[in-house]
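Hi there,

Here is the structure I promised to pass on, with my notes below it. Please have a look at the model first and then read on.

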Amino acid sequence: MQTITFAAIKVLNMKKILLIAFVALLSLSAAAQNKVTGKDSTTFEGYLYNEKYNVYLVIDFYHNNVIVPNQEIYGEMAGYFGDRQDGRKWLFTDAKIISKDKAEIQITNDYGSEDLTASLTAIDDKNFKFRQEDGSTLKIARNRKWLKMPKELDFVKR
């Protein structure tokens, strides 16, 4: 009777091993699917530039580890909107990748007095469209006056 019990235990252990192997294979499959949806790509990472307004985006929506120069007190974030002629920044407090070519961004100015929601869409590997969706309007300083940015801006990845 003891030999039957040991045999039953061996069968149970084998079932546990098979179950663990099956779960491990499922997790590998899920990781492979992340590659297909672009979650591990570099689409939403890097330096994007708009030549017309001389503004840029520094982003990393995958790791949210961008530090704003001279404003390290804010810590790591998804990125920021900068102006080549002025030191003020608009901070990307949150970014959510919706699909392989679109992300939603929560933005605030560096004083925290204005905020907005925007989207960033990848047209191809180098071209992006930034669209202000809701909330305040992005503004930059030009000749001691605030210049409102258009609702849509085109950016090129460098």
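**What I found**

Asn54 sits in the loop between strand 1 and strand 2 (helices are DSSP runs of H or I with at least four residues, strands are runs of E with at least two, and both are numbered from the N terminus). With a relative accessibility of 19%, Asn54 counts as buried (buried is under 20% relative accessible area, exposed is over 50%, and partly exposed is in between, with a 1.4 Å probe and protein chains only). Leaving aside residues up to four places away in sequence, Asn54 touches Tyr49, Asp83, Arg84, Gln85 and Arg142 (a contact means heavy atoms within 4.5 Å).

A word on how to read all this: the model is predicted, so local features need pLDDT of at least 70 and side-chain atom pairs count only at pLDDT 80 or more, while totals for chains, interfaces and linings use all residues. Residues are numbered from 1 along each chain as its sequence is written, and side-chain values use heavy atoms, with hydrogens and water left out.

**The chain as a whole**

The chain holds one helix and 10 strands, in the order α-β-β-β-β-β-β-β-β-β-β from the N terminus. It has 158 residues, and 35% of them count as buried. Of the contacts with a separation of 6 or more, 38% are between residues 24 or more positions apart.

**Val55**

Beyond residues up to four places away in sequence, Val55 touches Leu48, Tyr49, Asn50, Phe81, Gly82, Asp83, Ile140, Met149 and Phe155. Val55 and Leu153 are 98 residues apart in sequence, yet their C-alpha atoms are 9.8 Å apart in space.

**The cores**

Which residues touch the most other members of the largest nonpolar core? They are Phe61, Phe81, Phe92, Leu120 and Phe130, out of 27 residues in that core. At least two core residues come from each of strand 2 (55-60), strand 4 (86-99), strand 5 (102-109), strand 6 (115-122), strand 7 (127-135) and strand 10 (152-157). Another core, of eight residues, lies apart from it, and includes Val58, Val66, Val68 and Tyr80. For reference, a nonpolar core is a set of buried Ala, Val, Leu, Ile, Met, Phe, Trp, Tyr and Cys residues joined through side-chain atoms within 4.5 Å.

Phe92 is buried, at 0% relative accessibility. Not counting residues up to four places away in sequence, its contacts include Leu57, Ile59, Met77, Tyr80, Ile107 and Phe130.

**Aromatic pairs**

There are eight aromatic pairs in the structure (rings of Phe, Tyr and Trp, the last by its six-membered ring, pair if their centres lie within 6.5 Å; planes under 30 degrees apart count as stacked, over 60 as edge-to-face and the rest as tilted). The rings of Phe44 and Phe128 are edge-to-face, because their centres are 6.3 Å apart and their planes are at 65°. Phe44 is in the loop between helix 1 (2-37) and strand 1 (45-50) and Phe128 is in strand 7, so this pair ties together parts that are 84 residues apart in sequence. Phe44 is buried at 0% relative accessible area, and Phe128 is buried at 2%.

Phe61 and Phe92 form a tilted pair, because their ring centres are 6.4 Å apart and their planes are at 55°. Here Phe61 lies in the loop between strand 2 and strand 3 (79-83) and Phe92 in strand 4, so the pair ties together parts that are 31 residues apart in sequence. Phe61 is buried too, at 4% relative accessibility. Ring pairs link Phe44, Phe61, Phe92 and Phe128 into a cluster.

**Two asparagines in one loop**

Asn64 is in the loop between strand 2 and strand 3, and Asn70 lies in the loop between strand 2 and strand 3 as well. Neither is a glycine, but Asn64 has a positive phi of about 50° and Asn70 has one of about 65°. Asn64 is partly exposed, at 31% relative accessibility, whereas Asn70 is exposed, at 73%.

Best wishes
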